[in-house]
Structures are given as C-alpha cells and as structure tokens.
Amino acid sequence: MSNMSDEIKRQYVNYFFFKVAPEWRRLPATERAQGKSEFEGVIKDWKSRCLIIPFSTVGTRADTDFFLWRISERLEDFQEMTTQLMQTGLGKWCSTPFSYLGMTKRSMYVDKHEHPGSEGRRGRVVPGEKKYIFVYPFWKTSAWYQLPKEDRQRMMNVHIETGHRYPGIKINTIYSFGLDDPEFVVAFEGDVPADFIDLVMEMREHEVRTYTERDTPIFTGIRGSIGEVLAALG
C-alpha cells in the first residue's frame with residue numbers, strides 16, 4: 001500500500017516583499033486610496049486561485065513595508081499575480097527588495113518527532129492564524145551534507161525536541177535548492193514574540209548550529225487583512 005503523503009501534490013511557496021517609494025506618501029489622498037483599492041482588488045481576485053496571506057513590516061524593517069506569503073500548486077500564478085499588482089496605482093510606486101521562492105517537501109529528519117500543527121511529513125504548508133511571523137532564508141555549510149545521515153539525524157533530533165517545548169511556535173519550511181539562492185526558507189508563526197526569541201537562543205547552543213553558513217535577513221511580520229496591511233502604509 002502506498003504512503004498517502006507521497007501522493008500529495010507539492011506546493012510552490014513565495015515570500016514577496018514590497019517597499020513603497022517615499023514620494024508616494026506625498027501624493028493626494030484620493031490618488032493613494034485609489035491605488036490601494038486597485039492593489040487590494042487584485043489580491044481578492046487571486047485569493048480564489050491560491051493562498052495569499054499579507055503581513056506588514058512597517059516599524060519592524062527599514063527596507064520593506066509589507067510582504068505576501070503566497071502558496072500555489074502552479075508556479076506561473078506568482079508571475080501573473082505580480083504583473084497585475086505592479087500595474088496598479090500602488091504597485092507603480094513599489095520596489096520589490098526581497099523575494100524568496102521554494103517548494104514543500106517531506107522532511108527527512110521529521111518522523112515520530114513531528115511537531116503538532118507543522119507540515120512535517122505531509123509535504124505541504126498549512127499556515128496557522130498566529131499574529132506574528134518570523135521569516136528568514138538559510139544555508140547549511142558544505143560539510144553538513146558530507147556527514148553521515150545518522151550524525152545529522154542525531155543533531156536535528158535535539159533541535160526538534162527543543163521546538164516541542166515551545167508549542168505556541170509553529171514552523172513552516174520550504175526547500176529552495178535550484179529554484180532560488182537559499183537552500184531553505186523558514187517561517188515561524190507565533191502570538192508571543194518572546195517565545196520565539198527564547199527558542200532561537202536555545203537553538204543557538206546546539207551542535208547543529210556549527211553547520212549553519214548563513215541565516216539572514218530575518219523579517220518580523222505583523223499579520224492583517226490586505227486592507228489593514230495597506231492602511232499601515234499611511
């Protein structure tokens with residue numbers, strides 16, 4: 001009998017960031033409102049075809065204003081949606097300083113340790129409804145991939161077991177090998193940022209940390225409807 005999780009279609013996942021030009025805030029209020037309305041309209045139209053979750057980074061990052069967490073089984077959706085967004089009255093004033101692309105994949109390290117509510121072995125991202133998200137790309141060192149599978153599993157078990165002590169933090173991992181510059185992109189969802197800080201501090205002490213080449217930039221997003229996220233722009 002085949003494993004059902006092997007038969008589930010993998011998803012494309014994209015974190016797409018926007019930065020609004022300062023000059024946009026000096027436009028007449030009616031023009032700004034029209035542009036935001038057009039942008040929101042595109043998002044609402046696409047929500048019937050793929051999953052889109054907006055987050056504001058106003059006040060948490062200086063180099064971005066907001067981002068969209070997009071999930072689809074069709075890669076072209078991201079291209080077509082972005083083309084429409086950039087043609088709106090708001091999109092014409094936006095740059096896109098960061099974008100991370102990957103796919104879901106069953107974790108080779110998560111089995112009986114699967115975190116409740118995480119995508120784990122299912123090979124699909126299932127976003128929660130937490131208020132905050134912490135997103136960052138990361139790369140392992142070349143030495144990591146030369147280690148025996150047993151050594152990697154042993155180190156990852158410590159990581160995973162630590163995560164279980166923070167049930168309010170949910171991890172979503174995507175694989176970017178060959179699709180984008182990073183190897184992985186992770187998104188931690190939570191309602192209490194202090195819990196995430198404590199979790200990361202613990203994980204910094206783990207042996208597996210010595211095999212991390214890079215894990216920045218890190219984005220802290222505040223979840224909202226597309227209307228709320230755009231309202232934070234001013």
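These are a colleague's notes on the packing in this predicted model.

1. Ground rules. Local features here need pLDDT of at least 70 and side-chain atom pairs count only at pLDDT 80 or more, while totals for chains, interfaces and linings use all residues. Residues are numbered from 1 along each chain as its sequence is written, and side-chain values use heavy atoms, with hydrogens and water left out.

2. The main core. A nonpolar core here is a set of buried Ala, Val, Leu, Ile, Met, Phe, Trp, Tyr and Cys residues joined through side-chain atoms within 4.5 Å. Buried means under 20% relative accessible area, with exposed over 50% and partly exposed in between (1.4 Å probe, protein chains only). The largest such core has 21 residues, and Phe 18, Phe 39, Phe 66, Leu 85 and Leu 90 touch the most other members. At least two residues each come from strand S1 (12-20), helix H2 (29-46), strand S3 (66-72), helix H3 (76-86) and helix H7 (226-231). H2 gives the largest share, four residues. Helices (H or I, at least four residues) and strands (E, at least two) are DSSP runs, numbered from the N terminus. As background, nonpolar side chains in soluble globular proteins tend to be buried together.

3. Contact means heavy atoms within 4.5 Å. Not counting residues up to four places away in sequence, Phe 39 touches Phe 18, Phe 66, Leu 85, Thr 88, Leu 90, Gly 91, Ile 226 and Leu 230. Another core, of 16 residues, lies apart from the largest one; among its members are Phe 67, Val 135, Ala 187 and Phe 219.

4. Aromatic pairs. Rings of Phe, Tyr and Trp (its six-membered ring) pair if their centres lie within 6.5 Å; planes under 30 degrees apart count as stacked, over 60 as edge-to-face and the rest as tilted. That rule gives 23 aromatic pairs. Take Phe 18 and Phe 39: the ring centres are 5.5 Å apart and the planes sit at 85 degrees, so the pair is edge-to-face. This pair ties together distant parts of the chain, with Phe 18 in strand S1 and Phe 39 in helix H2, 21 residues apart. Both Phe 18 and Phe 39 are buried.

5. An aromatic cluster, and Phe 188. One cluster is formed by Phe 134, Tyr 136, Phe 138, Tyr 145, Tyr 175, Phe 177, Phe 184, Phe 188 and Phe 196. Have a look at Phe 188, which sits in strand S8 and is buried, with a relative accessible area of 6%. Its C-alpha atom is separated by 4.5 Å from that of Ile 171, 17 residues apart along the chain. Leaving aside neighbours within four places in sequence, the contacts of Phe 188 include Tyr 132, Ile 133, Phe 134, Ile 169, Phe 196 and Leu 199.

6. Arginines over rings. A charge sits over a ring if NZ of Lys or CZ of Arg is within 6 Å of the ring centre and within 35 degrees of the ring normal. Arg 32 lies over the face of Trp 24, at 5.8 Å from the ring centre, and Arg 70 lies over the face of Phe 16, at 4.9 Å.

7. In H6 (residues 193-203), the buried residues include Phe 196, Leu 199, Val 200 and Met 203. They cover an arc of only 95 degrees around the axis, which puts them on the same side of H6; the arc is that of the directions from the helix axis to the C-beta atoms. The buried residues of H6 pack against strand S6 (132-140), helix H5 (149-164) and strand S8 (184-190). Thr 162 lies in helix H5 and is buried, at 3% relative accessible area. Beyond its neighbours within four places in sequence, Thr 162 is in contact with Leu 199, Glu 202, Met 203 and His 206.

8. Helix H3. Asp 77, Phe 78, Met 81, Thr 82 and Leu 85 are buried in H3. Their arc of only 120 degrees around the axis puts them on the same side of H3. Their cover includes S1, H2, strand S2 (51-56), S3 and strand S5 (99-103).

9. Cysteines. With a disulfide taken as a pair of cysteine sulfur atoms within 2.5 Å, the count is zero. For Cys 50, the nearest cysteine sulfur, that of Cys 94, is 18 Å away. Cys 50 is buried, with a relative accessible area of 8%, and Cys 94 counts as buried at 11%.

10. A cis proline. The peptide bond from Thr 216 to Pro 217 is cis, with omega near 5 degrees. Pro 217 lies in the loop between strand S9 (212-214) and strand S10 (219-223).
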